[in-house]
Amino acid sequence: MYYVLLLIGFVLLIKGADFFVDGASSIATRLNVSPLLIGLTIVAFGTSAPELAVSITSALSGDNAIAIGNVLGSNIFNFLMVIGVSALIAPFAVDKDILAKEFPFTILAGIILFILGLDVALQDQTMNVISRADGILLLIFFSMFMYYLIASALSNRDNGSDDDEIECMPMSKSILMSIGGALGIVLGGDMVVNNASEIALIWGMSEGLVGLTIVAIGTSLPELVTSVTAAKKGQSDMALGNVIGSSIFNIFLILGVSTAINPIPLNSDIFIDIFFMIAVIVTAYIFALTGKKINRPEGGFFVASYACYMVYILMR
């Protein structure tokens, strides 16, 4: 039954992402807001919903290894697999605003998380912990990010999308498709995670390993499916905006809420994953900065890097 429900979850993810991209693109066109901003906000929040649900549930039940592993694993998967697979399907140019603002902000988010975890080195504590105060600080940064996005959306409405390939549907239909797609994404992601986790635990995997692999991949499938769908439809701004927005949401909102509920102790291995996540984001930024686009060879490099990371995680 676990395998049947897992398959149903994948179907819901794929169809839900398809409806969500169509609805969000149509809303962007009707409101004269760029698909990039829609990707950074509505799409990013919708595809991050499984991570939020899993991390809050983990925090409430005290399964903190799953919560922190979910966030780090999802961000690494986003930048290596989601961007990598999207680039292999259709190489895409990187918007100058992403290079100037959103990419550096994503790097900053990773650095802030790394610093907040260094309690032993910086505060002479007996153990490293992401505390409730740290969680509140992360939520403050998230509020600042959302304020910036809303201000950008309001100031750039006149520079919205004029892509003729976007189907402009009636607003009511666009909203219904977006809501229905989001529900499919959330429900499908939840089914995938729950059943994949049960299968993994039956195989004898540890809680931390489940968080970094099965749960992280499962909760990131919406980002993968949505970004690939957007890339195939020529909406590369939405594809990349979805990845960056989701990664910022994961650190500031999801980890902020989780740690505000229940502080998360950090072991030494987790700092390797945090450092690797930062290195991956910086590498993607360098690729985008040097060529103003992400090509198929770079996409292949990202996919191969994720395969190597999985081997390392399993060996560790």
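Let's start with Phe114, which is partly exposed because its relative accessible area is 25%. On the cut-offs, buried is under 20% relative accessible area, exposed is over 50%, and partly exposed is in between, with a 1.4 Å probe and protein chains only. Phe114 is in helix H4; helices here are DSSP runs of H or I with at least four residues, strands are E runs of at least two, and both are numbered from the N terminus.

Quick caveats before I go on. This is a predicted model, where local features need pLDDT of at least 70 and side-chain atom pairs count only at pLDDT 80 or more, while totals for chains, interfaces and linings use all residues. Residues are numbered from 1 along each chain as its sequence is written, and side-chain values use heavy atoms, with hydrogens and water left out.

Okay, aromatics. How many aromatic pairs does a search of the whole structure find? It comes back with 16. To pair, rings of Phe, Tyr and Trp (its six-membered ring) need centres within 6.5 Å; planes under 30 degrees apart are stacked, over 60 edge-to-face, and the rest tilted. Take Phe79 and Phe103: this pair is tilted, at 6.1 Å centre to centre with 45° between the planes. Phe79 sits in helix H3 (residues 64-89) and Phe103 in helix H4 (residues 96-116), so the pair ties together parts 24 residues apart in sequence. Both Phe79 and Phe103 are buried.

Now a stacked one: Phe141 and Phe252, 5.4 Å centre to centre and 15° between the planes. That pair links distant parts of the chain, with Phe141 in helix H6 (residues 132-155) and Phe252 in helix H9 (residues 236-261), 111 residues apart. Phe141 and Phe252 are buried as well. They also belong to one aromatic cluster, whose members are Phe105, Phe141, Phe142, Phe145, Tyr148, Phe249 and Phe252.

The charged end of Lys15 sits over Phe19, 5.7 Å from the ring centre; the criterion is NZ of Lys or CZ of Arg within 6 Å of the ring centre and within 35 degrees of the ring normal.

On to helix packing. How do H1 and H7 pack? Helix H1 (residues 2-30) and helix H7 (residues 171-202) meet at about 150°, with axes 6 Å apart. The axes are lines fitted to C-alpha atoms over the stretch in contact, and angles run from 0 to 180 degrees between N-to-C directions. H1 and H7 are therefore roughly antiparallel; that label needs over 145 degrees, with under 35 being roughly parallel, 65 to 115 roughly perpendicular and the rest oblique.

Glu223, in helix H8 (residues 207-232), counts as buried because its relative accessibility is 0%. Glu223 and Val243 are 20 residues apart in sequence, and their C-alpha atoms are 6.7 Å apart. Met277, in helix H10 (residues 268-291), is buried too, at 1% relative accessibility.
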